[in-house]
Amino acid sequence: FFELSMASGASPKSSYNYSKGHWLWNDPDHGGFTKFDPETSEQLETALNAAINAGTKGAIEVPLSKGTFFSQPNNQGVYVCKISVDCSDKSKPVILSAPRSVQCNVNTGYERTIKREPP
């Protein structure tokens, strides 16, 4: 799992201090992970922050529609990111590694692993 960082000096019962991270996708053509463009990463961060605030436990799905690639008309409604979280303890939200977080083409079922890096 990937634990999101708490505010410096925060106690386990204190509220979580959200820090914006950035998201990457597994790019086999370049031999590793590549950053999503800022608009797509912001779309994923917005969904993650909403999950934290709602105390979500389970999968969240984010239809990708922002940024240079996903905003193109032929890509609208085609890609979704599925992220497994446990935000039931708002002081210690977690992105779970199993099942893994993925970007999925809904037409073909093809999946790529994604991950979040802290700021």
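Predicted model: local features only at pLDDT ≥ 70, side-chain atom pairs only at ≥ 80, totals over all residues.
A search of the whole structure finds three salt bridges, and two of them involve residues of helix 1, namely E42 and E45. The largest nonpolar core has 19 residues, and helix 1 is among the elements that give two or more residues to this core.

**E45 and R116**

- E45 sits in helix 1, which spans residues 38-54, and its relative accessible area of 1% is under the 20% limit, so E45 counts as buried.
- The side chains of R116 and E45 meet in a salt bridge, with an N to O distance of 2.7 Å, and this pair links distant parts of the chain, R116 being in strand 8 (residues 111-117) and E45 in helix 1, 71 residues apart.
- R116 is likewise buried, with a relative accessible area of 6%.
- The side chain of E45 also reaches the backbone nitrogen of G21 at 2.9 Å, and, when neighbours within four places in sequence are left aside, the contacts of E45 are Y18, S19, K20, G21, W23 and R116.

**K20 and E42**

- K20 is found in the loop between strand 1 (2-3) and strand 2 (22-27), where, at 47% relative accessibility, K20 counts as partly exposed.
- A salt bridge joins the side chains of K20 and E42 at 2.9 Å, N to O; because K20 lies in the loop between strand 1 and strand 2 and E42 in helix 1, the pair ties together parts that are 22 residues apart in sequence.
- E42 counts as partly exposed at 35% relative accessibility.
- Beyond residues up to four places away in sequence, K20 touches E42, E45, R116 and P119, and the C-alpha atoms of K20 and T46, 26 residues apart along the chain, are separated by 9.1 Å.

**E111 and R100**

- The side chains of E111 and R100 meet in a salt bridge at 3.2 Å, N to O, and since E111 lies in strand 8 and R100 in the loop between strand 6 (94-95) and strand 7 (102-105), the pair ties together parts that are eleven residues apart in sequence.
- E111, at 33% relative accessibility, counts as partly exposed, and R100, at 43%, also counts as partly exposed.

**Nonpolar core**

- The residues with the most contacts inside the largest nonpolar core are W23, F36, L44, L64, I83, V85 and I114, while the elements that give two or more residues to this core are strand 2, helix 1, strand 4 (57-63) and strand 5 (79-86).
- Leaving aside neighbours within four places in sequence, L64 is in contact with T40, Q43, L44, F70, N75, Y79, V80, C81 and Q103.

Methods. Residues numbered from 1 in each chain as written. Heavy atoms only, no water. Helix = DSSP H or I, 4+ residues; strand = E, 2+ residues; numbered from the N terminus. Buried < 20%, exposed > 50% of the residue type's maximum accessible area, 1.4 Å probe, protein only. Polar contact = N/O pair within 3.5 Å; in protein donor to acceptor, adjacent residues only side chain to side chain. Contact = heavy atoms within 4.5 Å. Core = buried A, V, L, I, M, F, W, Y, C linked by side-chain atoms within 4.5 Å. Salt bridge = Lys/Arg side-chain N within 4 Å of Asp/Glu carboxyl O.
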